[in-house]
Every structure is written in structure tokens, then in C-alpha cells.
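My notebook is open and the model is loaded. Here is what I looked up, entry by entry.

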Amino acid sequence: MTFETKKDVLDWYEKQPRTLSREFIGNIDWKAVKDYPLDEKFVPVLLYMRDVEALTDMYYEELRRTPTGKDPIIGKFMERWSGEEQTHGELLNRFLNEAGIETDDKWQTQVRRAVTNFYTVNNYLITSLTNLVGKRFTATHMTFGAIHELSTTQGYRRLADLANHPILTQILRGIIREESAHTHFYWSVARLELQNSAFTQKLARFIIKHFWTPVGSGAKPKEESDYTIATLFQGANGLNWIDRNVTQRIQILPGFDGLTKVSDKIGQIVAQHTIPDSRFQISN
Ligand SMILES: [Fe+2]
Ligand SMILES: [Fe+2]
């Protein structure tokens, strides 16, 4: 589906009913979580994903200070989007609890507090720089968003396949549907914004090529981010997955022809980390 204007993209998004409705969540058989084994190597992955979802709030606050966040259409999308990401974090936390992994009641606050000072200062600088470039930075923001949403979706797909836990799969399927709608919004707006000028294309490509890092890295310790990526995408199969579902879809955007940044970065991380193929299960 291609859109002519940002307003059309927003109208489309707003017509999408929430997948993770009260009814969907009410139908999750939480008591059955313990009936199926969960390989413990996925616990840090689930915690990482939970934390990154919760940190969306912080990112949203930052973005609201920029011309991108002040765009009424993008602002409207982001209001609903950030709420949906919170639900994802909460569902993952509940799943962990039901699987016997205890977490603190105030985990969201702890995650925010643990964000490194470097990240906070760095982001402040980036936000200020963004304000200098003004609206012409929106294409870059939207492309970043498209890559983050695409890679997150693929991460959840891999997790569902590899963990092979029926209740987790059910939850992840719901989350994935919402992530796909987020991807479609970001990608479509990125496309429209990039079409505006050769300058926005060059700027976006330059920033992604030199500064893109996997979602959550920077705000969360690098080891945690690397562990998650290596666990989910190790092997030729995982890298092909990223290439097909993320890199090639970004390459279709105006000005992004031939850019292999995401595949290169993920490939590098996977090559540097070996995750033991233990099948040690959390005992029930
Ligand atoms: Fe999410
Ligand atoms: Fe998302």
C-alpha cells in the first residue's frame, strides 16, 4: 500500500484496531505458561526486549522536543504508538513472572534510572543538533524508526520460532501485529519525507550509515544488546533473515539503494559472540 500524504498514512493507522485489546490479553492462558519448558538462554533476551519497550517512553519525550515530534501528524501517531510499546513491555514482564522469573514491581523506574549518563548527554546533544536542521531531519527520524520497528519485529519472529513456547508465541504474535503496523507507518512516512529532496536523502543515508546502532544499544549496556542479537540471529539463516526482511526493505526507500549497514552491523555482532546451544530448561 502506498500513500500520497502523511495524513493518509495516519488515517490508515488510526483505522487499525488494537491487536492487544483487553479481550486478547484476557484470553492469554497465564496459568499454562509453566506447563511448557522455556530455555533459560532466552530469559536475558526477554528482559532486554521488555526494557527496550519500556524505554520507548523516554525516547518519545525526547522526540517531542524536536520538529519531528511537533509535526501534528507524527505527534498524533506517537501518542498511540508509545502506549502500545508500554503494553508490549508489560506483557513480556508478566510472561517472565508466570514462567517463574521474579522481577521488581518498580522495574520500569529501575530501567529508566539505569540508562547511562553518556546516553542522556549524547541524546541531549543530538536533540539540539536536530533542532538546528529542523524539519529536514524528520526523514532521518522516520527512517531510524522504520529500521528499529522492522528489526524489532524480526527479533520477535525469531524469538517465537526459537523458544517454541506456545503461550509466548501467542503473546508475540499479538505484539508482532502491532509492530508491523508501526513499521508501516514509519516506513511510509520516511518514504514521503525522503521524496522531498536530495538533501534529506543524503542526510538520512549519512546518519544511518555512520550512526545507526541496534535498538536499545546505548540506553542499555552493549553486552545485553549483543547477547540478544547473537542469540536471535546467529547462523547463516539468521543473517539471511535480517538481509531479506530488514536490509532489502530499507534499500527500497529513496536514497537508500545498496545500503547494507544493518546486515553488516548485525553480522559483525553475531560473528563476535558465540551463544552456547544449551537446552537447559527452567524447571517447572
Ligand atoms: Fe513494541
Ligand atoms: Fe513498535
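This is a predicted model: local features need pLDDT of at least 70, side-chain atom pairs count only at pLDDT 80 or more; totals for chains, interfaces and linings use all residues.

I started with I25, which counts as partly exposed because 15 other C-beta atoms lie within 10 Å. The scale I used calls a residue buried if 20 or more other C-beta atoms lie within 10 Å of its own, exposed if 12 or fewer, and partly exposed in between, with C-beta atoms placed from the backbone. I found I25 in helix α2 (residues 22–26). Helices here are DSSP runs of H or I with at least four residues, numbered from the N terminus. From I25 to W12 I read 24 Å, C-alpha to C-alpha, for 13 residues of sequence.

Residues are numbered from 1 along each chain as its sequence is written, and chains are lettered from A and ligands numbered from 1 in the order in which they are written.

Next I checked V9, in helix α1 (residues 6–15). V9 counts as buried because it has 24 C-beta neighbours inside 10 Å. Leaving out residues up to four places away in sequence, V9 touches F3, F185, S188 and V189; contact means C-beta atoms, placed from the backbone, within 7 Å. S217 is 208 residues from V9 in sequence, and their C-alpha atoms are 29 Å apart.

Beyond its neighbours within four places in sequence, F95 contacts V33, L168 and I171.

Helix α8 (residues 138–163) was my next stop: 21 of its 26 residues are buried. Just after α8, N164 has a positive phi of about 50°.

Last, I looked at helix α12 (residues 235–251) and helix α13 (residues 261–272), whose axes come within 9 Å and cross at roughly 155°. So α12 is roughly antiparallel to α13, a label for angles over 145 degrees. Axes are lines fitted to C-alpha atoms over the stretch in contact, and angles run from 0 to 180 degrees between N-to-C directions. Among the residues that meet here are G238, L239 and I242 in α12 and V262, S263 and I266 in α13.

Terms used: Two residues are in contact if their C-beta atoms, placed from the backbone, lie within 7 Å. Helices (H or I, at least four residues) and strands (E, at least two) are DSSP runs, numbered from the N terminus. Angles under 35 degrees count as roughly parallel, over 145 as roughly antiparallel, 65 to 115 as roughly perpendicular and the rest as oblique.
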